[in-house]
Amino acid sequence: MAVDDMNPDIRGLLERIYLGGTTYFDADGRYLHKVPSSFSARDLQALDAAGLPPNALSTSTHDEAVTRLRALAARIDLGKAADAFVTSLTSADLSWQSVLPAACLGLAMPAHEFTPMSESNPICRVCFHDARGPLDLTERALFRSIQGTGWGSYGPVEAVAALEFALADPAWPQPGEHDAWTFHSLLELLAGLPAGSRYSVARKQLKAAKLLSVNTVYRCESTLEALSFISVIENAEHPGLVTSWTSAVERDHRPNTRVEVPAPLAWWSADDGINTAVVERLFGGIRKPATRPSAPVAVAAKPRRATAPRVAGRSLPGPVAAGDVYAVRLREDLWTAVYCHAVADDDGPERGLVEYLDVLTPVPVVPEQLEGVGYRDRRNGQRWQAWCTGLAKTTGVRRVAQGLVAPPHARKHEATRLRTGAKDLRYTADLHFDLSG
């Protein structure tokens, strides 16, 4: 099931865990997401019933995942998968973009033994299977729905999950006239790029054209990656998987370190054009309407009850000043605080010299709770301070006290030039506190 095809409350719950939560390593070294304590038993039961429990870690070995992927891919109707791909551009959940690339991967992938990239890099050089740890299948389902997928470096476990979700759904989306128009307009945009244009130009032009339902830079890039993965845009020396099999190490090869995307897209340019034979083979049944159809009327989403609980109170007004204390939200059920020692007096952006206080509370701390509270050094014992911008205008950071005398510290802190942003305080807190509990 696609995440957006279910009750919106389910997606809201998943976003609270995976977009606003805290990650940690458990006693077995597994990378997990903290479920907020504000979740009820009913919330967790709803996720279980939807087949999307938090931290659903894959247990597949390399050989199991490869065998399963090849078997699932053989069951996929590529015509239906192509229809779903086109529909995902505008009217269907973005998860449907992943089905056709996943099927192409499984059909092209040979049976093989696990061969690591190197002694220190236990990722299979043939298929990208990562032996370092399990994949969180629920997290991947959410991100397929949010982003689609570019299929640049995901291995067989991700592809298996995408195909299993599709095969479990009896109602695959069918493209309407607007979907067909959008798909062919995308191909025409790529065919009309100036000679020599690379993926960054294509991405910029695609975003400017506003063809996709989710018109972000990442979404435009993932769409181009997916098209190159299935050989619609490819380079003769770096083909997509419909043309021929290419290993993980080949797909990971880029012209230089500045190129962010994998092959084939990394090597493609407008001079390579579009593989019209692959377009006809996969999408031949989808013709462009003679005139631009009206966009489908968006159906109003159901209200989402699964939003994070609101925290009462507002940030105290005024410019950043020495003696301020700012509460910092780490997740919806956990806050810490930083003390502002001084304010920069140069012409740069407003910034305060901050240091973590030794406090963790379920809601923003109040002045009465700060009496006797000292600083919280890093877990390695080092004292830490940094010049922080955005204290007065960052969501999840609020001033809760003013004019407080600085708590004493046993060690004097040397002048620092270290800089950070208020939005990063929730992440660097992990270096000071054990947030796994």
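1. The sheet. In this predicted model, six strands form an open sheet with mixed pairing. The strand order is β9-β5-β6-β7-β8-β10. Strands β9 (397–401) and β10 stand at the edges. Each has a single partner strand, so one side of each is left without a neighbour in the sheet. On average, neighbouring strands are turned by 45° against each other, direction ignored.

2. Strands β5 and β6. Strand β5 (residues 325–331) pairs with β6 in the antiparallel sense, over six bridges. Together β5 and β6 make a hairpin, with two residues between them.

3. Burial of β6. Strand β6 covers residues 334–343, and seven of its 10 residues are buried. Strand β6 is therefore largely enclosed by the rest of the structure.

4. From β6 to β7. Strand β7 (residues 351–356) pairs with β6 over five bridges, again in the antiparallel sense. Here Val343 stands opposite Gly352 in β7.

5. From β7 to β8. Strand β8 spans residues 386–389. Four bridges join β8 to β7, and the two run antiparallel. Arg351 stands opposite Thr389 in β8.

6. Is Arg419 buried or exposed? Its relative accessible area is 53%. The cut-off for exposed is over 50%, so Arg419 counts as exposed. Leaving aside residues up to four places away in sequence, Arg419 touches Arg351 and Trp387. Arg351 is the residue that stands opposite Thr389.

7. Arg419 and Gln147. These two residues are 272 residues apart along the chain. Their C-alpha atoms are separated by 31 Å. Gln147 falls within the residue range of helix α6 (residues 137–147), the subject of the next point.

8. Helices α1 and α6. Two packed helices are described by the angle between their axes and the distance between the axes. For helix α1 (residues 8–18) and helix α6, the axes come within 11 Å and cross at roughly 110°. The range for roughly perpendicular is 65 to 115 degrees, and α1 and α6 therefore count as roughly perpendicular to each other. The crossing of α1 past α6 is left-handed.

9. The helix contact. Which residues of α1 meet α6? They are Arg11, Leu14, Glu15 and Tyr18. On the α6 side, the contact involves Thr138, Glu139, Leu142, Ser145 and Ile146. By class, the residues of this contact divide into four nonpolar, two polar and three charged.

Technical notes
Residues numbered from 1 in each chain as written. Predicted model: local features only at pLDDT ≥ 70, side-chain atom pairs only at ≥ 80, totals over all residues. Heavy atoms only, no water. Buried < 20%, exposed > 50% of the residue type's maximum accessible area, 1.4 Å probe, protein only. Contact = heavy atoms within 4.5 Å. Pairing = 2+ DSSP bridges. Axes fitted to C-alpha atoms, helices over the stretch in contact; angles between N-to-C directions. Parallel < 35°, antiparallel > 145°, perpendicular 65-115°, else oblique. Left-handed = near helix turned anticlockwise from the far one by under 90°. Nonpolar A, V, L, I, M, F, W, Y, C, P; charged D, E, K, R; others polar.
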